[in-house]
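Please open the structure in a viewer and keep the sequence beside it.

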Amino acid sequence: MGEKQKKEGGLQLFRRGWLLLLGAVVGVLLILIGNGHLFSNQKGQASEQVEQSDPLLAYAAQTEQKIASLCTGVMGVSEVQVVVTLEGDFTYVYATENETVQKDGVSESHTSYVTVGSGANEQTVLLTRIYPRVSGIGVVCRGGGDARVRRELIALLEAAYGISSNHIYITEANE
């Protein structure tokens, strides 16, 4: 082998090594981005925006805060964390009108939604929004390990939210 061939072979090997190293770095960066290790602050901000824009998540968070506040009022309870399970979604009730038409001696009833506006601005008339029912409550708190406190919290939450005790779980918080 000549000196020139040795140099070219060494140069090709050097280029391959750099390409492999560059490929490995790009691969690691893609993995980190995919797992959220890079730009994780932006990901957290995005999830906060989703929570703020989703009325169901906002309602659940508000309910959890109310329950935590209620539980904190019980003697022997502090540092309360609450998670609720909601049954379904909001139910919307819209205004309707019924029209009965006689056709060939037979009465036909038609129901349609009441609308206001016209064209692109036409909207149905919303009468009410029914909030989803709380179907389960989990509470972690200081004092939750005491049987008396647990019974009192369960009775309180049963009365306040109309759910049975087997859908409420109270436990002691870690030290």
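**First stop: T96**

Select T96, which is partly exposed, with a relative accessible area of 43% (buried means under 20%, exposed over 50%, partly exposed in between; 1.4 Å probe, protein chains only). This is a predicted model, in which local features need pLDDT of at least 70 and side-chain atom pairs count only at pLDDT 80 or more, while totals for chains, interfaces and linings use all residues. Residues are numbered from 1 along each chain as its sequence is written, and side-chain values use heavy atoms, leaving out hydrogens and water.

T96 belongs to strand β3, residues 96–103 (strands are DSSP runs of E, at least two residues, and helices runs of H or I, at least four, numbered from the N terminus). Beyond its neighbours within four places in sequence, T96 is in contact with T111, S112, Y113 and V114 (contact means heavy atoms within 4.5 Å).

**Second stop: helix α3**

Next, select residues 55–72, which form α3. Its buried residues are Y59, A60, T63, I67, A68 and C71. Their cover includes β1 (78–87), β8 (133–142) and α4 (147–161).

Now display β1, β8 and β9, the order of the strands in an open sheet of three with mixed pairing (two strands pair if DSSP finds at least two bridges between them). β1 and β9 (168–172) stand at the edges with a single partner strand each, so one side of each has no neighbour in the sheet. β8 and β9 run parallel, joined by five bridges. Finally, select V140, which stands opposite T171 in β9.

Definitions and conventions:
Expected span 1.5 Å × (residues − 1).
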